[in-house]
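Colleague: Please take a close look at a single part of this model and describe how it is put together. One connected account will do.

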Amino acid sequence: MVNKVPEAGERTSGKITVIIPFRDEEVSLENIIRDLGDQNYPSSFYEVIFVDDHSSDGSSDRVALKIASLSNFRLIGSPAGNGGKKKGITLGIEKSNGDIIVTTDADCRLPMDWLTSINDQFQNNNVIKNLESYYPVVGDWKPRMNIALINNPAVKEDFQEAIQAYNNS
């Protein structure tokens, strides 16, 4: 199946937010910034949020420099005393504007049709839109695992509560 790139004014499943929590990933960040900037998905239909988890290797400066000209990319930092990957994802969700939230690791490489594929899955109702299906992912974070969910207020709140409960366990 060929993934269809939406055109201006065409119906999509909604704006996609990509959240990338990172810590000391200076070497990897350039690739993922390039991969996300080269997506064949219109930039007005997605945003990218990098969440710096108190990096000490220049990662944050590198991201800021590389995304300066990309209006749909943002960099936020975790507040002092509030670190960790799960908390970074929670912060990214809180700051997101998308209807679909996707996370990935800073050292992943993404094909240029990655976001188009995600949109297609939502368009074709191939994604389970039930929060309970995501609890095992929250409880078992794995490298390179992507999470996608509908970003409606009720699901967003439940997902944040699930992450918070996991952080406190």
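Predicted model: local features only at pLDDT ≥ 70, side-chain atom pairs only at ≥ 80, totals over all residues.

Modeller: Strand 1 itself covers residues 16–22 and is mostly covered, with 7 of its 7 residues buried. I16, V18, I20 and F22 point one way from the strand, while T17, I19 and P21 point the other way, and all are buried.

For the setting, the protein chain holds 6 helices and 5 strands, in the order β-α-β-α-β-α-β-α-α-β-α from the N terminus on. Of its 169 residues, 44% count as buried. Among contacts in the chain with a separation of 6 or more, 81% are between residues 24 or more positions apart.

Helix 1 (residues 26–37) and helix 2 (residues 59–67) form a contact as well. Their axes come within 9 Å and cross at roughly 20°. An angle under 35 degrees counts as roughly parallel, and helix 1 and helix 2 are therefore roughly parallel to each other. The crossing of these two helices is right-handed. On the helix 1 side the contact is made by E26, L29, E30 and I33, and on the helix 2 side by S59, R62, V63, K66 and I67. Sorted by class, this contact between helix 1 and helix 2 has 4 nonpolar, 4 charged and 1 polar residues.

Terms used
Residues numbered from 1 in each chain as written. Heavy atoms only, no water. Axes fitted to C-alpha atoms, helices over the stretch in contact; angles between N-to-C directions. Helix = DSSP H or I, 4+ residues; strand = E, 2+ residues; numbered from the N terminus. Parallel < 35°, antiparallel > 145°, perpendicular 65-115°, else oblique. Left-handed = near helix turned anticlockwise from the far one by under 90°. Contact = heavy atoms within 4.5 Å. Nonpolar A, V, L, I, M, F, W, Y, C, P; charged D, E, K, R; others polar. Buried < 20%, exposed > 50% of the residue type's maximum accessible area, 1.4 Å probe, protein only.
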